[in-house]
Amino acid sequence: MDWMPVIIFIAFVGAVLGMSFYFARKARSAAGYYAAGGNIHWSVNGIAFAGDYLSAASFLGICGMIATAGYDGFLYSIGYLAGWIVALFVVAEPMKRLGKYTFTDALDARFNSKGIQLAAAISTLVVSIFYLIPQMVGAGVLVTPLLGLPHAVGVIMVGGIVIIIVATAGMTSTTYVQFIKGGLLVVFSTIVVVAVLVRGLTTEPDQGGKVPFHKYATVLATEADGALVPEDPAWQVQGTKDVAGLTLVRATRDGRDYWFKKSVKDGKTILDECQYQSVGTEGETIINGAPASPENPLRQVGNLESVEGRKGSEAATGSVGPFDFLAKIGSPDTLVKTWKMVKFEDQGRKLTLYAPSYTSGQKILKPGQKFKVEGTPLERLDFISLMLALFLGTAALPHILIRYYTVATPAAARKSTIVAIAAIGFFYILTLFMGLGAMTSAVVNPADNNMSAPLLARSFGTLLFAVISAIAFATVLGTVSGLIVAASGAVAHDLMDRFMGLGMTDRSKVMAGKIAAFAVGIVAIILGILFQGVNVTFLVGLAFAVAASANLPSILMLLFWKKTTAKGIVASILVGIVVSIGIILFSPDLYELYGRQRSEAPIPFANPGLFSIPASFLTLVVVSLMTQKSGNAGSNPGGHVE
Amino acid sequence: MLHEPAARQGHDPASRYKTRLGVWMFLVYALIYAGFVGINLLWPSAMGSTVLMGLNLAVVYGFGLIVIALILAVIYNSACVKEEKRLEGGRGGEG
């Protein structure tokens with residue numbers, strides 16, 4: 001084991017925990033615990049916003065998705081950043097004026113409604129838990145290459161550390177963990193991007209000379225009377241299989257099993273070597289024809305087949321500028337090799353196969369690889385739905401909204417949002433370079449693209465990998481801390497103190513928050529283990545959809561429509577939750593996760609926002625109009641507290 | 001009993017101006033964002049066409065959405081600060 005990453009990791013975690021114990025004495029009141037006393041400077045709060053928001057989804061998930069699907073991963077960067085415009089222009093100052101510790105406070109400020117307290121608290125818990133899952137999955141993903149520990153151990157470690165952070169000093173320590181992590185993430189991501197640009201592009205990436213570039217076999221074959229015969233007699237075809245639109249060929253050479261993808265080009269039959277993992281009934285695992293072992297893992301993948309039409313040594317660009325880097329990758333004459341995963345059974349063994357695929361750079365650098373913008377009407381609706389949810393979701397995330405209560409004034413809330421936009425926007429631009437850097441540097445783990453950014457850093461040396469991994473781990477810590485503060489506030493402050501009317505003292509409210517943080521942390525650990533292997537950005541995209549559907553209609557209508565009633569808000573929140581989660585649970589992506597066929601899913605799209613957000617708005621309007629006589633209507637649009 | 005904010009906020013005479021400005025600027029950005037989504041759906045081939053310094057429209061528009069967000073945010077803040085200072089008693093300069 002390489003000890004440098006371990007030492008840096010332990011030092012980092014030690015510093016974070018030390019800071020939490022230091023701040024513990026400041027968190028003895030409810031205001032201290034839930035809102036860091038409301039006295040955080042706006043510039044610190046702005047970077048802490050970035051630290052809170054730039055979660056595992058942004059760093060691990062987006063880079064991983066760009067590394068495998070190109071520009072489509074960057075769509076998340078665009079949508080996540082655009083959402084801050086809604087937060088700044090519409091939500092920031094009114095939220096600060098109306099709220100105290102939680103998002104529920106703000107919604108309920110003019111109504112004092114038990115229904116709102118209950119519905120908004122449930123919504124906070126649901127959104128926070130949806131958002132927690134990908135963070136915990138990201139934690140598990142990180143510790144395997146970093147510390148050599150199983151996924152579940154990583155999830156438990158993060159859960160344990162975060163519970164300590166939140167239970168000792170609540171929002172104060174959470175704020176400074178997020179501040180430090182946000183700053184480090186932007187600085188070190190910049191360093192990685194500079195390193196990518198200095199190294200430039202090549203068709204035979206070798207991770208700085210550390211890992212020789214593997215040349216996969218390409219075998220020409222002829223077909224006669226239905227039989228496939230390789231031109232090189234050293235290969236013997238054993239059989240073919242049609243899976244997921246691919247024709248796969250099993251062949252042997254020197255007694256070793258290989259799999260190929262068959263294609264026909266210019267009248268020639270071509271077999272391209274695949275990677276595969278095969279698991280037998282006893283659990284024995286074969287990788288690429290040999291027993292799995294630390295010396296025989298799945299090879300890291302991702303490279304350019306040609307750069308602007310050039311191959312081999314002619315293709316090496318040397319150092320390139322940022323625009324030139326993108327222009328060369330996006331050229332119609334550049335060919336990118338990516339890998340498609342398919343699963344099937346063969347001869348009683350379960351196979352996961354990674355088949356090579358060649359795509360022009362022009363297609364890689366525009367939408368369409370993952371989101372079919374030129375596909376069927378349903379696929380197009382799915383794309384609109386995703387972009388809508390990303391745009392509207394940010395301003396409805398409870399763990400982001402509570403950060404407005406850690407500053408002193410509405411103006412400070414506004415200014416900290418602008419600092420956040422600057423830091424987050426800059427980072428998201430870097431994600432495109434990191435993702436494409438991974439895609440072209442043969443560093444992508446074909447079985448799990450979430451580690452693409454740290455593995456890209458490792459290709460520049462162990463020190464950078466160690467620091468980036470520690471920051472990635474801190475990324476998870478920072479976001480999970482914020483989510484657990486939000487969730488514990490929902491339980492202790494919204495439900496126990498306000499909804500149930502337990503009349504808690506300041507001290508008991510803090511204690512209840514700590515116990516709630518522990519419970520939510522345990523739930524997060526369990527879910528993080530269950531969802532292993534799912535792309536974390538995809539999961540966060542769903543959390544955005546739930547937040548945008550359940551919370552945003554209420555926030556906006558409360559601020560801008562004076563006929564809004566408490567019952568309208570309650571109905572809107574509940575409809576938003578039920579419709580968005582209902583669509584997600586019955587979507588093709590989740591059916592795949594259940595181990596079933598995508599075509600079996602009763603709902604043919606994955607992103608619910610396009611339907612659930614309007615449904616929530618409509619419900620609020622209809623129910624508010626029906627309940628005007630109840631006298632619950634607000635009379636102060638704009639959220640101005642006079 | 002109504003629930004009160006953590007820090008008492010005084011009357012902010014600039015709030016109406018800020019709300020109105022915020023809504024307009026939101027609408028401007030939403031229009032630009034919708035344009036991005038619309039081009040992807042209605043004219044997807046355009047996203048691959050080179051428009052600036054060898055970069056295609058998808059990259060330029062994507063970066064543009066991020067940069068424009070920051071520019072609008074700075075303009076919005078400047079306008080808010082100016083209005084808060086003009087209307088004495090506003091609590092804008094604080095923070």
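Into which domains is chain A divided? Chain A splits into domain 1 (3–23 + 30–200 + 373–630) and domain 2 (218–318 + 331–364). These bounds come from an automatic or database domain assignment. The model is predicted, so to speak of local features takes a pLDDT of at least 70 and side-chain atom pairs count only at pLDDT 80 or more, while totals for chains, interfaces and linings use all residues. Residues are numbered from 1 along each chain as its sequence is written, chains are lettered from A in the order in which they are written, and side-chain values use heavy atoms, with hydrogens and water left out.

Start inside chain A. The centres of domain 1 and domain 2 of chain A, taken over C-alpha atoms, are 38 Å apart. Contact here means heavy atoms within 4.5 Å. By that rule, 19 residues of domain 1 of chain A touch 14 residues of domain 2 of chain A. Together the two domains of chain A bury about 1,100 Å², with 60% of it on carbon and sulfur atoms. Buried area is the accessible area (1.4 Å probe) that two parts lose on being put together, summed over both. On the domain 1 side, A:Met439, A:Ala442 and A:Pro446 supply 44% of the area buried against domain 2 of chain A, more than any other three residues. A salt bridge is a side-chain nitrogen of Lys or Arg within 4 Å of a carboxyl oxygen of Asp or Glu. Between domain 1 and domain 2 of chain A, the rule finds zero of them.

Now turn to the two chains. In chain B, 55 residues are in contact with 61 residues of chain A. Chain B and chain A bury about 4,900 Å² between them, and carbon and sulfur atoms give 69% of this. Two salt bridges are counted between the chains. A:Glu93 pairs with B:Lys18 in a salt bridge, with the closest N and O atoms 2.8 Å apart.

A cavity is a set of points on a 1 Å grid over the protein atoms alone where a 1.4 Å probe fits but cannot get out, and lining residues have an atom within 4 Å of a point. Grid points are joined across faces, edges and corners, and a volume is the space filled by probe spheres set on the points. Three cavities reach 30 Å³ or more. Helix H5 (71–98) of chain A and helix H1 (15–42) of chain B each supply at least two of its lining residues. H5(A) gives the largest share, seven residues.

How values were computed. On a 1 Å grid over the protein atoms alone, a cavity is a set of points where a 1.4 Å probe fits but cannot get out, and a pocket is an open set with protein on both sides within 12 Å along at least five of seven lines; lining residues have an atom within 4 Å of a point. Helices (H or I, at least four residues) and strands (E, at least two) are DSSP runs, numbered from the N terminus.
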